[in-house]
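Morning, everyone. Please bring the model up on your screens. I'll go through it one spot at a time.

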Amino acid sequence: MKDAFGIPQSLLVLGGTSEIALSTARRLIARRTRTVWLAGRPSADLESAAAELRALGADVRTVAFDALDPDSHEVVLGKVFAEGDVDVVLLAFGILGDQAHDERDPAAAVRVARTNYTGAVSAGLVSARALQAQGHGSLVVLSSVAGERARRSNFIYGSSKAGLDAFAQGLGDALHGTGVHVMVVRPGFVRTRMTAGLDEPPLATTPEAVATAVELGLRRRSETVWVPGLLRVVMSALRHMPRGVFRRLPI
């Protein structure tokens, strides 16, 4: 259960090598979180992440999880929840893809969509049902401002995040009143391995800043978190901009 300050004692990370997720885990462990499951494809990076978190004092276990294998999600995640209550599930997996390449390779574009949306729908529903069965918990979904309005430069990724965002909002409405809290996190450009080498736009942020926002959102039981907060205003303006004008923007 969460403590009196809303800090979870247990955390399940779906996407266990995500820099944002690991920053969040480090921040929560520094507060009170003591049990962490890192779910992801078995790799040296996953084991290294687990070792780092153990050194901070947490009981950390790795779980073999593949977003592209939804048929396995119920069994894999069911084993985690069978070990005890999970206070927070952080859905943090996703891929950016390569827009120019993926436009020419439909199979690559579908992989982006299957990972970011289809895999998330499956894992999100399985996690939500388990949280509801235990009667409490939060599902934190890492979305993106890219889903607010698809841009020419990354509409494949943006469309997958738009689908994820809509799904998470609807799931939150469906679970309202059950004791389960769904929080959608919409970061802008985050400086991570995934974005290395890309031109950095204004209002770029860091995994640590997103982690801080996630912790505050959990304390407040927020439904939507923007990182940085100013992006809420910026994206509202862009979302209502006439399409002809939006199309000419250098974004």
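This is a predicted model: local features need pLDDT of at least 70, side-chain atom pairs count only at pLDDT 80 or more; totals for chains, interfaces and linings use all residues.

Start at Leu203. Now look at its backbone. Phi of Leu203 is near 65°, which is a positive value, and this residue is not a glycine.

Pro201 is partly exposed, because its relative accessible area is 35%. Pro201 and Gly188 are 13 residues apart along the chain. Their C-alpha atoms are separated by 9.0 Å.

Next, Arg221. Where is it? Arg221 lies in the loop between α7 and β7. Its phi is positive, about 55°, although Arg221 is not a glycine. Arg221 is partly exposed, with a relative accessible area of 45%.

Go on to the loop between β7, residues 224–227, and α8, residues 231–239. Pro228 has its place in that loop. Which form does the peptide bond from Val227 to Pro228 take? That bond is cis, with omega near -5°.

Now the pocket. I mean the second largest pocket, with a volume of about 240 Å³. How many residues line the second largest pocket? The lining has 13 residues. Gly172, Asp173, His181, Val182 and Glu223 lie nearest the centre of the pocket. Two elements give two or more residues each to this lining: α6, residues 155–175, and β6, residues 180–187. Sort the lining by class. You get four nonpolar, six polar and three charged residues.

Asn154 is in the loop between β5, residues 137–142, and α6. Buried or exposed? Asn154 is buried, because its relative accessible area is 11%, and the cut-off for buried is under 20%. What does Asn154 touch, once neighbours within four places in sequence are set aside? Asn154 is in contact with Gln99 and Ala146.

Now a pair of helices. Find α3, residues 73–82, and α5, residues 106–134. The axes of α3 and α5 come within 10 Å and cross at roughly 35°. The crossing of α3 past α5 is right-handed. Which residues meet there? On the α3 side they are His73, Glu74, Leu77 and Phe81. On the α5 side they include Gly119, Ser122, Ala123 and Val126. Further along α5, Ser127, Arg129, Ala130, Leu131 and Gln134 take part as well. By class, the residues of this contact divide into six nonpolar, five polar and two charged.

One last stop, still in α3. Ala82 has its place in that helix. Ala82 counts as exposed, because its relative accessibility is 67%, and exposed means over 50%. How far apart are Ala82 and Ser144? In sequence, Ala82 and Ser144 are 62 residues apart. In space, C-alpha to C-alpha, the distance is 31 Å.

Asn154 is buried at 11%. Ala82 is exposed at 67%. Find both on your screen. Thanks.

Key:
Residues are numbered from 1 along each chain as its sequence is written. Side-chain values use heavy atoms; hydrogens and water are left out. On a 1 Å grid over the protein atoms alone, a cavity is a set of points where a 1.4 Å probe fits but cannot get out, and a pocket is an open set with protein on both sides within 12 Å along at least five of seven lines; lining residues have an atom within 4 Å of a point. Grid points are joined across faces, edges and corners, and a volume is the space filled by probe spheres set on the points. Helices (H or I, at least four residues) and strands (E, at least two) are DSSP runs, numbered from the N terminus. Ala, Val, Leu, Ile, Met, Phe, Trp, Tyr, Cys and Pro count as nonpolar, Asp, Glu, Lys and Arg as charged, and the others, Gly among them, as polar. Axes are lines fitted to C-alpha atoms, for helices over the stretch in contact, and angles run from 0 to 180 degrees between N-to-C directions. A crossing is left-handed if the near helix is turned anticlockwise from the far one by less than a right angle, and right-handed if clockwise. Contact means heavy atoms within 4.5 Å. Buried means under 20% relative accessible area, exposed over 50%, partly exposed in between (1.4 Å probe, protein chains only).
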